Amino acid sequence: MMSHDPVELVPYDPQWPHAFRRIRDKLLLLLPQALSIDHIGSTSISGMTAKPLIDIDIVLPGLGHIEAATDVLLAEGYEPRGNRYDDEVWAFLSRGLVPRERVYLCPAGNGTHRNRLAFRDHLIGHPEAAAEYAALKRRLAGEFRMDGDGYTAHKREFVDAIVARELADDR
């Protein structure tokens, strides 16, 4: 499915970590049952070119907590974006806030959340991989300017290879 918003990448903004902490503090008040609230995605990696969007995983104790947390996010004006990745990850988007926020509700032990942390941590610890990923993102943003799904899909092979390496190292 083609997105209607262009894929916009911007240089790293040193205010992104501060924005995340502010958002995290707000979400902790709204969702005190959260086990963790993690900054994920490119804005969590110092120096990384990124969409100006703070991606956040909220880990809840289990699936039974998703419905109540969804109600809270909807009441706060987040737009539901559905169950993503076929892995019990529910996405929500804020449009009126700056920077925009994309929030994901994940049950504890969720594989997508584990993979995101592994990828983020690898790029933070390996600047050469981060530079390679930034170059890939810039190329794909040019190719898929009006197709956010295509942009994301074509990053998948790179991301999956890093995650597989990280998870194999953890064994």
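Visitor: Leaving aside its neighbours within four places in sequence, which residues is Ser42 in contact with?

Guide: Bear in mind that this is a predicted model. Ser42 has its place in the loop between β1 and β2, and with a relative accessible area of 11% Ser42 is buried. Once its neighbours within four places in sequence are left aside, the residues in contact with Ser42 are Met48, Thr49, Ala50, Tyr133 and Lys137.

Visitor: What distance separates the C-alpha atoms of Ser42 and Tyr12?

Guide: Along the chain, Ser42 and Tyr12 are 30 residues apart.

Visitor: Which elements do the buried residues of α1 pack against?

Guide: Helix α1 covers residues 16-30, and its end C-alpha atoms lie 21 Å apart, which agrees with the span of 21 Å that 15 residues should give at 1.5 Å a residue. Its buried residues are Trp16, Ala19, Phe20, Ile23 and Leu27, and because these fall within an arc of 100° when seen down the axis of α1, they line one face of the helix. The elements against which the buried residues of α1 pack are β1 (36-40), β2 (53-60), α2 (66-75) and β5 (100-107).

Visitor: How is α3 oriented relative to α4, roughly parallel or roughly perpendicular?

Guide: Two packed helices are described by the angle between their axes and the distance between the axes. For helix α3 (residues 111-125) and helix α4 (residues 127-143), the angle is about 110° and the axes are 5 Å apart. Since angles of 65 to 115 degrees count as such, α3 is, relative to α4, roughly perpendicular.

Visitor: How many nonpolar, polar and charged residues are in the contact of α3 with α4?

Guide: On the side of α3 the contact is made by Phe119, His122, Leu123 and Gly125, and on the side of α4 by Pro127, Ala129, Ala130 and Tyr133. Divided by class, the contact of α3 with α4 has six nonpolar, two polar and no charged residues.

Visitor: Which residues of α5 does α3 meet, and how do the residues of that contact divide by class?

Guide: Helix α5 (residues 148-169) packs with α3 at an angle of about 90°, their axes being 9 Å apart, and that makes α3 roughly perpendicular to α5. From α3, the residues Arg114, Asn115, Ala118, Phe119 and His122 meet Phe158, Val159, Ile162, Val163, Arg165, Glu166 and Leu167 of α5. By class, the contact of α3 with α5 divides into seven nonpolar, two polar and three charged residues.

Visitor: Is His122 buried or exposed, and what does His122 touch?

Guide: His122 is found in helix α3, and because buried means under 20% relative accessible area, His122 counts as buried at 5% relative accessibility. Not counting residues up to four places away in sequence, His122 touches Ala129, Ile162, Arg165 and Glu166.

Visitor: Which helices do the buried residues of α4 pack against?

Guide: Helix α4, with 17 residues, reaches 24 Å from its first C-alpha to its last, close to the expected 24 Å. Its buried residues are Ala129, Ala130, Tyr133, Ala134, Leu136, Lys137, Leu140 and Ala141; they fall within an arc of 165° seen down the axis of α4, so they line one face of the helix. On the other side of α4, Pro127, Glu128 and Gly142 are exposed. The helices against which the buried residues of α4 pack are α3 and α5.

Visitor: What is the phi of Glu88?

Guide: Glu88 has its place in the loop between β3 (79-84) and β4 (89-94), and at 36% relative accessibility Glu88 counts as partly exposed. Its contacts, apart from neighbours within four places in sequence, are Leu63, Asn83, Leu105, Cys106, Pro107 and Asn110. Most residues other than glycine have a negative phi. In Glu88, a residue other than glycine, phi takes a positive value, near 55°.

Visitor: Which peptide bond is cis, with omega near -5°?

Guide: Most peptide bonds are trans. The loop between β4 and β5 holds Pro99, and the cis bond with omega near -5° is the one from Val98 to Pro99.

Technical notes: Residues numbered from 1 in each chain as written. Predicted model: local features only at pLDDT ≥ 70, side-chain atom pairs only at ≥ 80, totals over all residues. Heavy atoms only, no water. Helix = DSSP H or I, 4+ residues; strand = E, 2+ residues; numbered from the N terminus. Expected span 1.5 Å × (residues − 1). Buried < 20%, exposed > 50% of the residue type's maximum accessible area, 1.4 Å probe, protein only. Arc of directions from axis to C-beta. Contact = heavy atoms within 4.5 Å. Axes fitted to C-alpha atoms, helices over the stretch in contact; angles between N-to-C directions. Parallel < 35°, antiparallel > 145°, perpendicular 65-115°, else oblique. Nonpolar A, V, L, I, M, F, W, Y, C, P; charged D, E, K, R; others polar.
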